[in-house]
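Dear colleague,

Please find below the structure that I am handing over to you.

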Amino acid sequence: MDCRPGDEMLLAAVAERDMGAFRTLYERHAGWLAIRLARRCNDRDLVADAIQDTFVAVWQRPQGFRGDGDIAAWLWGIAIRRLVSRLRARSSVAAVFEKAEAAPAAEDQVLLSVDYGDVGQALARLSPEMRAVIQAVVLDGLSAREAAQLLRVPVSSVKTRLYRAKAHLRAALAEGPS
Amino acid sequence: MTGWHLDDDALRRYVERTDSLAEGASVEQHLLSCEQCRGRVNPAVDVIDLAAVWGRTRDTVEVPRPSVFERLLRAAGLPAHDARLVAVASAFRGGWLVSVVAVLGFAALAAAVGHARGMWLFLAVAPIVPCLVVASSYDPWLDPALEPELVTPYPMLRLILLRTIAVLALALPAVLLFGLVVHGEAPFAWLLPAVGFVAVVLAASTWVSPLRAAIAVSTVWLAVVWLLAARSGSPDAVLQARAQAGFLALAAASFGIFLVRRRWLHQLRPWR
Amino acid sequence: MVTASISLRDVGRTFGATRALAGIGLDLKPGVIGLLGPNGAGKTTLLRLLATALPPTQGQVSVLGLDPQVPAERTGIRRQLGYLPQEIGFPRGFTAFAFVDYIALLKEWTEPAARHAEVRRVLGLVGLPDLGPKRIRAMSGGQRRRVALAQALLGSPLVLILDEPTTGVDPEQRVTLRTVLAEIARTSIVVLSTHQTEDVAALCERVIVLDRGRIRYDGPVTDLVGQAAGRVWLADEPDPAAKVSWRTGTGRYRNVGTRLRDDVEHVEPSLEDAYLLLRGGSAENEPAGEAAS
């Protein structure tokens with residue numbers, strides 16, 4: 001019987017210093033993590049370094065995962081923060097690009113089941129700066145300071161834009177479909 | 001987990017980044033909890049070279065990192081290869097070095113505080129510390145992998161000498177420094193005995209195990225110091241020119257014997 | 001490429017008053033050679049001699065055409081030598097990778113990338129490819145033995161000396177190791193000592209039996225087994241006429257004896273039977289005045 005080990009079992013094996021389990025974990029997750037990071041940062045080398053840092057961090061502290069939620073979410077948390085660290089260490093600016101079209105907005109819960117209705121349109125109407133902030137803080141779960149490092153703007157800007165974005169969205173949603 | 005999965009179109013748009021941020025957010029949220037769709041995304045990754053990153057990750061995790069001591073040796077000009085061989089001896093692991101420094105420090109403190117008695121303590125301890133560390137850097141009891149090490153092409157003599165030099169490079173300045181604290185006038189006086197004992201241990205290790213030799217030398221020295229302390233009040237007897245010349249002669253003769261008998265280093269001896 | 005060869009001429013080794021080896025004459029060519037003998041027979045001493053870890057007190061040793069007593073030639077031998085001692089200790093805190101890497105350094109693998117690849121290769125050969133970063137102290141006995149074996153395999157040496165390589169290793173892994181060793185033995189001389197006669201039977205074409213420092217038998221395994229033909233039989237009770245007999249798993253007694261007998265239930269002899277027969281015989285002919293080591 002082919003028993004495919006779950007991520008939690010792999011993590012337990014990693015804690016026992018099993019390279020095979022570690023490699024499997026990498027093969028399962030490095031790909032989608034890299035794609036997701038690349039959507040926040042143009043610089044491929046930086047993304048590669050961040051992925052490396054992420055998995056090294058997993059190896060060094062596999063017990064950091066408390067068993068709450070998906071391992072994938074835990075990995076993403078590590079990955080985005082490693083990316084931010086790398087960005088902070090770099091003196092030259094790494095471009096962070098935003099989408100041309102639609103816009104993010106609204107509170108967390110609503111975003112999870114977006115389907116291009118009211119919310120999608122409300123998102124689309126926000127400015128790119130506001131969208132970027134919403135993505136960083138609301139979607140990626142970064143703190144205001146981390147978002148500031150990712151976007152290369154002052155922390156105060158992050159807070160202002162977030163406040164304004166949420167205000168816009170509330171207004172847009174209250175208005176109803178246009 | 002529901003049976004709902006992303007359709008190919010949505011995934012493609014996500015990977016190609018032609019989707020909207022809202023769509024992307026939806027995909028990303030789904031991926032966090034769906035192993036199957038993650039598996040569909042992975043083959044499409046071309047943003048980084050996954051295999052190359054894996055290689056670097058594996059190296060970071062598996063290949064032993066150079067210790068501080070090793071990096072110091074490299075900075076001092078030793079080739080990376082030799083630096084690693086020297087630094088890897090048990091004697092040079094962090095804990096060991098710390099305890100050596102602690103012992104010396106304690107002795108120096110005793111000397112500085114307790115005056116005459118303290119000086120005797122320092123006189124007793126300082127010269128034997130280097131030879132004990134040298135002995136432990138290649139003794140089979142402490143270096144349990146001796147047999148396979150022995151039958152490698154790397155010359156044992158070179159290894160022992162490099163480790164000895166490394167120890168001396170660390171220990172002698174330490175002894176000197178503490179000597180300054182204790183007996184400001186003749187800090188170098190402690191050095192020749194220390195070097196002498198190291199040479200004796202090297203020579204003796206061509207007959208017996210280095211650690212045994214070092215312990216024997218240390219015991220003899222402690223006995224001598226005790227006798228001197230009982231007889232006269234001042235440790236300066238040791239520091240006189242005649243005594244110093246004696247230590248120098250001892251060092252030279254021992255080292256000579258060591259070189260003459262060096263072939264005994266390259267094979268197992270009865271004490272093994 | 002010259003064929004690997006080892007030759008010993010009237011070699012002896014004494015430790016003080018004890019004579020560990022005497023009158024050893026051997027010619028070894030590529031293949032797997034098994035070394036059998038009771039504890040104290042001198043197996044470890046002989047292996048150390050072959051591995052250039054010890055010089056003989058009499059006689060001549062020649063490995064790969066070189067003389068281990070000449071320092072430059074000894075280094076030349078050691079470049080082509082892998083050795084697994086009977087007991088090996090590991091420096092504290094070392095991982096498997098770190099330890100094998102360390103020995104690789106001593107074997108002159110100066111270039112890091114090549115060295116790391118070689119370390120991974122030998123760890124893979126012994127079945128531990130995924131345990132590189134694991135601390136040796138945290139491993140089982142069989143795993144540690146395999147790490148120790150891995151260092152001997154570095155560089156695919158022409159001479160491989162293994163002192164009890166399969167001690168503590170589970171049967172599955174022993175089979176893997178046999179395959180690895182058989183492959184190496186195509187061009188290399190592999191000498192291994194073991195207490196497991198089935199390892200010798202499965203792997204070696206030639207076997208040397210040592211007893212009290214002398215060679216009792218040196219030849220093909222099949223011939224040795226042949227010596228026990230007709231001399232092994234089963235019975236319901238231990239047979240007093242047998243040299244050795246013991247109870248097997250089926251409840252019957254396996255007997256091994258020197259006298260050929262017709263009136264009993266004969267079975268095919270195994271190497272173990274032949275070895276016991278040989279040992280049983282020599283116990284009767286103990287030479288006087290030779291201290292055992």
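In what follows, helices (H or I, at least four residues) and strands (E, at least two) are DSSP runs, numbered from the N terminus. This is a predicted model, in which local features need pLDDT of at least 70 and side-chain atom pairs count only at pLDDT 80 or more, while totals for chains, interfaces and linings use all residues. Residues are numbered from 1 along each chain as its sequence is written, and chains are lettered from A and ligands numbered from 1 in the order in which they are written.

I begin with chain C. Its secondary structure comes to nine helices and 13 strands. Along the principal axes, the C-alpha atoms of chain C fill a box of roughly 70 × 45 × 35 Å. The radius of gyration (taken over C-alpha atoms; the globule rule is 2.2 Å times the number of residues to the power 0.38) is 21 Å for chain C, which agrees with the value near 19 Å that a compact globule of 293 residues would have.

Chain C is assigned domain 1 (1-80 + 157-220), domain 2 (89-153) and domain 3 (224-284); such bounds come from an automatic or database domain assignment. The centres of domain 1 of chain C and domain 3 of chain C, taken over C-alpha atoms, are separated by 29 Å. Two residues are in contact if their C-beta atoms, placed from the backbone, lie within 7 Å. On that basis, eleven residues of domain 1 of chain C are in contact with eight residues of domain 3 of chain C. On the side of domain 1 of chain C that touches domain 3 of chain C, at least two residues each are supplied by α7 (197-203), β8 (206-211) and β9 (214-220) of chain C. That side has seven nonpolar, two polar and two charged residues, where Ala, Val, Leu, Ile, Met, Phe, Trp, Tyr, Cys and Pro count as nonpolar, Asp, Glu, Lys and Arg as charged, and the others, Gly among them, as polar.

Between chain B and chain A, 27 residues of chain B are in contact with 37 residues of chain A. On the side of chain B that touches chain A, two or more residues are given by each of α2 (21-33), α3 (35-41) and α4 (50-62) of chain B, and α2(B) gives the most, with ten residues. By class, this side of chain B has 14 nonpolar, eight polar and five charged residues.

Finally, I turn to helix packing within chain A. Helix α2 (residues 19-38) of chain A and helix α4 (residues 71-89) of chain A pack at an angle of about 50°, with their axes 10 Å apart. Axes are lines fitted to C-alpha atoms, for helices over the stretch in contact, and angles run from 0 to 180 degrees between N-to-C directions. α2(A) and α4(A) are therefore oblique to each other (angles under 35 degrees count as roughly parallel, over 145 as roughly antiparallel, 65 to 115 as roughly perpendicular and the rest as oblique). His29(A), Leu33(A), Arg36(A) and Leu37(A) in α2(A) meet Ala72(A), Leu75(A), Trp76(A), Ala79(A) and Leu83(A) in α4(A). This contact of α2(A) with α4(A) consists of seven nonpolar residues, one polar and one charged.

With kind regards
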